[in-house]
Structures are given as C-alpha cells and as structure tokens.
Amino acid sequence: MKIATWNINSLTVRLPQVLEWLEANPVDALGLQELKLTDDKFPHLELEAAGYQCVSHGQKTYNGVAIVSRLPISEVVRNLPNFPDEQARVITATLATAQGPLRLINAYFVNGQAPGTDKFAYKLRWLAALTEWVRSQLAHYPRLVLMGDFNVAPDDRDTFDPIGLAGTIHHTPEERAHFQQLLALGLHDSFRLFEQPEKSFSWWDYRMLGFQKNRGLRIDHILISDALKPQASACHIDRAPRKNKQPSDHTPVVLTLAS
DNA sequence: ATGTCGACGAATCGTCGA
C-alpha cells in the first residue's frame with residue numbers, strides 16, 4: 001500500500017491537480033495540508049468520484065488539513081486535544097488496512113517565521129504538544145504514521161544552503177531537537193531508510209527561480225513507527241507536480257508499505 | 001533584502017502569511 005503527503009497551498013486552486021495526481025498515483029491514503037478552506041467547502045463529491053473518502057479539519061484563509069483515503073476511516077480527532085488552538089493544523093484517524101488498524105496523524109506544522117518572534121515561540125509550544133500527542137497515540141496504536149509539512153529541515157542534507165541558512169527558520173537547533181524528539185518516541189524518517197539522490201527537496205520558494213535552481217528544502221516528511229518499519233519498502237519525492245503550470249510550492253512525498 | 005503565490009476586503013490594489 002502507498003501513503004502520501006502533500007501541502008497543496010489552497011485546495012480551491014489545486015483540486016484539479018490533486019485529482020490528476022491521484023489518477024496517475026492511486027495511493028491508498030493522501031494527507032493534505034494548507035487547504036485554506038472551510039469544511040463546508042471541502043470537495044467531497046469530486047474526491048468520492050475518484051474513489052476516496054475524506055475527513056477534513058479546515059478553516060477560512062489559512063491552514064487546514066485533510067485525510068483522503070481509499071481505506072475505511074474511523075476514530076477521527078481534530079487538532080491536538082492537549083493544546084487548544086484556533087488554527088486547524090492536525091487531523092488524526094484510523095485506517096482499516098489488510099494488516100489491521102493503522103493510525104495516521106496528518107499535520108501542518110507551524111512555520112514560525114523567524115527565531116525570536118512570537119510565532120517561533122508558538123511553534124516550539126506546538127511542537128511540544130504534538131510530541132505528547134504522538135507519544136500517547138503510540139501507546140494505543142503501534143502501527144502509526146506521522147506525516148505532513150513539518151516546516152523543519154532535519155539536517156544539513158535537507159537544505160540547499162546549509163551554511164548560509166544555518167540558524168534560520170526551518171534550520172534552528174530548537175526545531176531540529178524537536179524533530180529528534182519525535183524520532184526518539186520510536187519513529188523513523190522513512191525517506192532516510194532508503195538510498196536517495198543528493199539534494200532531494202520537497203519545497204522550493206516561488207521566488208527567485210527556486211525550483212529551476214533546485215534551491216529547496218526537505219521539510220515534508222513521513223515518519224513511521226517501529227512496528228511499521230519492517231514493512232517499508234520505498235519512499236520517494238515526486239517532483240512532477242512542481243513542474244505544473246500553476247504548482248504548489250510543495251510536492252508530494254510517497255511511502256510504500258509491503259503487504 | 002525578496003523579485004511569487006494565494007486569500008481577503010475593498011477595490012481594480014494593499015496587506016498578510018508563507
């Protein structure tokens with residue numbers, strides 16, 4: 001089975017690309033981030049016609065996440081129960097797979113703007129709350145996936161300019177320590193379980209020909225629990241959608257689990 | 001620093017967030 005994550009930067013604008021991508025890449029589950037629409041505007045009919053059930057946690061203008069799945073969805077939790085938040089950033093659900101229940105946490109991590117700002121402080125508080133949520137979920141669901149737009153480049157391989165961008169947002173020691181704390185819960189960065197091309201990125205700035213120059217970051221991740229690790233057979237970044245005429249600034253990451 | 005997007009409210013652009 002295949003599971004993917006994609007920050008689509010407005011589902012209103014990108015729905016045709018999502019449908020096109022799913023047709024070419026019929027994954028079992030897709031986590032979306034930055035819907036930028038409310039739940040009443042979520043395009044259930046169009047995705048159902050493509051064979052997918054969806055659960056969403058949206059809001060107007062900003063943020064918003066959804067799980068799009070061919071597998072039955074249950075036990076949906078919106079946002080972090082331990083962290084009251086007006087921003088819609090997390091949706092957690094159970095997928096009924098042939099191997100049993102799989103707990104899927106799909107998140108749009110806080111951007112954080114810059115170290116020293118209020119937004120950065122919010123990012124660190126949010127990260128701490130997320131870690132506790134993942135810890136508690138792992139205790140109940142050994143088969144667990146945490147994926148989404150992490151807004152963290154875990155190490156120097158994950159940025160086009162490790163020296164020039166050292167200490168800036170996505171690259172700070174605090175953010176990277178939080179990423180390591182997530183791994184310490186018993187999770188694995190599935191992308192790094194396999195040999196990958198150098199300079200593999202999942203996001204490129206719209207400005208200054210970022211994609212054309214491959215000035216990007218790897219900030220979209222799929223973390224899998226110890227129990228799922230033996231099943232993982234591949235993980236790759238699909239750069240193709242970034243070449244579309246009106247692309248998202250992010251591109252999908254796809255995990256393959258052997259049955 | 002920002003050369004790009006997208007949403008929004010109020011206009012036919014300015015502001016915010018990323």
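Trainee: Where is Arg-125 found?
Mentor: Arg-125 is in helix α3. Helices (H or I, at least four residues) and strands (E, at least two) are DSSP runs, numbered from the N terminus. Before going on: this is a predicted model, where local features need pLDDT of at least 70, side-chain atom pairs count only at pLDDT 80 or more, and totals for chains, interfaces and linings use all residues. Residues are numbered from 1 along each chain as its sequence is written, while chains are lettered from A and ligands numbered from 1 in the order in which they are written.
Trainee: Which strands does α3 lie across?
Mentor: Helix α3, residues 118–140, lies across β6, β7 (100–108), β8 (144–149) and β12 (220–225). Helix α3 runs at about 175 degrees to β7. Axes here are lines fitted to C-alpha atoms, for helices over the stretch in contact, and angles run from 0 to 180 degrees between N-to-C directions.
Trainee: And how do α3 and α4 pack?
Mentor: Their angle is about 5 degrees, and the axes are 10 Å apart. So α3 and α4 are roughly parallel to each other. Angles under 35 degrees count as roughly parallel, over 145 as roughly antiparallel, 65 to 115 as roughly perpendicular and the rest as oblique.
Trainee: Which residues make that contact?
Mentor: From α3, Leu-124, Leu-127, Thr-131 and Val-134; from α4, Glu-174, His-178, Gln-181 and Leu-182. Contact means C-beta atoms, placed from the backbone, within 7 Å. By class, this contact has 4 nonpolar, 3 polar and 1 charged residues. Ala, Val, Leu, Ile, Met, Phe, Trp, Tyr, Cys and Pro count as nonpolar, Asp, Glu, Lys and Arg as charged, and the others, Gly among them, as polar.
Trainee: Switching to sheets. What is the strand order in the one with β5?
Mentor: The order is β5-β6-β7-β8-β12-β9, an open sheet of 6 strands with mixed pairing. Two strands pair if DSSP finds at least two bridges between them. The edges are β5 (73–78) and β9, each pairing on one side only.
Trainee: How many bridges join β5 to β6?
Mentor: 4 bridges, and the two strands run antiparallel. Ile-73 stands opposite Leu-95 in β6.
Trainee: What about the sheet with β3?
Mentor: That open sheet also has 6 strands, in the order β3-β4-β2-β1-β14-β13, and its pairing is mixed. β3 and β13 (232–237) each have a single partner strand, so one side of each is left without a neighbour in the sheet. β3 and β4 are antiparallel, with 5 bridges.
Trainee: Where is Thr-61 placed?
Mentor: In the loop between β3 (53–57) and β4 (65–69). Thr-61 is exposed, because 9 other C-beta atoms lie within 10 Å. Its phi is positive, about 75 degrees, though Thr-61 is not a glycine. Most residues other than glycine have a negative phi.
Trainee: Which residues are closest to DNA strand B?
Mentor: Ser-10, Thr-12, Thr-61, Tyr-206 and Arg-207, out of 14 residues that surround DNA strand B. Near means a C-beta atom, placed from the backbone, within 6 Å. The residues of that surface divide into 3 nonpolar, 7 polar and 4 charged.

Technical notes
A residue is buried if 20 or more other C-beta atoms lie within 10 Å of its own, exposed if 12 or fewer, and partly exposed in between; C-beta atoms are placed from the backbone. Two residues are in contact if their C-beta atoms, placed from the backbone, lie within 7 Å.
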